[in-house]
Amino acid sequence: MHEIVLEGPAKNALGTKMMQRVRHELKNADGAPVLLTGAGDAFSAGLNLKELLGLDAEGMAAFLTELDELLTALFHYPGPTAAVVNGHAIAGGCLVQMFCDVRVAQASPSARIGLNEVGLGLAFPPKLVEMVKYRLDPRYCEEVLLRASLYGPQGALRVGLVDAVSQNARQEATRRLKFRSQNPPKAYAAAKAALRGHIGRDDPAAMKKFTEEVLPVWTSEELKDTIRGFLNR
């Protein structure tokens, strides 16, 4: 089993260097079972907003490409993956745990889990929406995305953001990961590819939509003002 720990400032916020490191570790895991968790008392509180504030259009495109490549690598990782959601998993941090095969949240009343991008005024890249729709129960997809709410662990379980809630999330996630790892690796990888292989792949229409509709939102002064207000709370 290969363990990857999200570790960084602001409750393990996803910055460029962390995303590159995690993607590099996924590559080095080479299909072996992966257990993913966060350092301290959080999984990941989202994207590194301080880094986002300093980016121009070119820098923002590069940042979102890093995020896209990390999430795509995790979604299509051939071996079994499990997330120990040991605290907050918000926005980009929630996406990271969602794209693991198994997601177990620690039974912590203070933890918040959810996709609040719409509430922050952010536009989802088309590929990510496609992958999110695959991982969520269709009954709750609009609630999760359009309400942009943050849930406690039990609420996250209700809408399908996590698979289980446990008093010992690490132990339960490890147990479930080991159970999946009993399957022949090549068969597991083949079945996973058959289920997900067509989802979240690059195509010209999605790239055009990203360039024309998504990127301008992420680089707008309106969004930067929202981020500044959020950071100043």
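Predicted model: local features only at pLDDT ≥ 70, side-chain atom pairs only at ≥ 80, totals over all residues.
**Figure 1**

**Figure 2. T72 in helix α4.** T72 is found in α4. Is T72 buried or exposed? T72 has a relative accessible area of 13%; that is under 20%, so T72 counts as buried. Leaving aside residues up to four places away in sequence, T72 touches K127, M131 and G200.

**Figure 3. The largest pocket.** This pocket has a volume of about 440 Å³. Its lining holds 26 residues, and the closest to the pocket centre are A45, G46, L47, L49 and F230. Elements that give two or more residues to the lining are α1 (9–12), α3, α5 (92–98), α6 (117–120) and α13. Helix α1 gives the most, with 3 residues. By class, the lining of the largest pocket divides into 19 nonpolar, 4 polar and 3 charged residues.

**Figure 4. The second largest pocket.** The second largest pocket has a volume of about 270 Å³. Of the 15 residues that line this pocket, D68, K127, D202, M207 and F210 are the closest to its centre. Helices α4, α7 and α12 (204–218) are the elements that give two or more residues to the lining. Which of them gives the most? Helix α4 does, with 5 residues. The lining of the second largest pocket has 6 nonpolar, 3 polar and 6 charged residues. K127, among the residues closest to the centre of this pocket, is also one of the residues that T72 touches.

**Figure 5. The largest cavity.** How many cavities of 30 Å³ or more does a search of the whole structure find? The search finds 1. The largest cavity has a volume of about 60 Å³. Its lining is made of L49, L52, L120, L122, W218, L223, T226, I227 and F230. The largest share, 4 residues, comes from α13. The lining of the cavity has 8 nonpolar residues, 1 polar residue and no charged residue. L49 and F230 line this cavity; L49 and F230 are also among the residues closest to the centre of the largest pocket.

**Figure 6. K11 in helix α1.** Most residues other than glycine have a negative phi. K11 is not a glycine, yet K11 has a positive phi of about 60°. This residue lies in α1. K11 is partly exposed, with a relative accessible area of 40%. Its helix, α1, is the element that gives the most to the lining of the largest pocket.

Figure 7. The buried residues of α8 are Y140, C141, E143, V144 and L145. These buried residues pack against α6, α7 and α9. Just after α8 comes A148, with a positive phi of about 55°. A148 is not a glycine either. Where does A148 lie? A148 is in the loop between α8 (138–147) and α9 (153–158). A148 is buried, with a relative accessible area of 13%.

Note on methods
Residues numbered from 1 in each chain as written. Heavy atoms only, no water. 1 Å grid on protein atoms, 1.4 Å probe; cavity = no way out; pocket = protein on both sides within 12 Å on 5 of 7 lines; lining within 4 Å. Points joined across faces, edges and corners; volume = space filled by probe spheres on them. Nonpolar A, V, L, I, M, F, W, Y, C, P; charged D, E, K, R; others polar. Buried < 20%, exposed > 50% of the residue type's maximum accessible area, 1.4 Å probe, protein only. Contact = heavy atoms within 4.5 Å.
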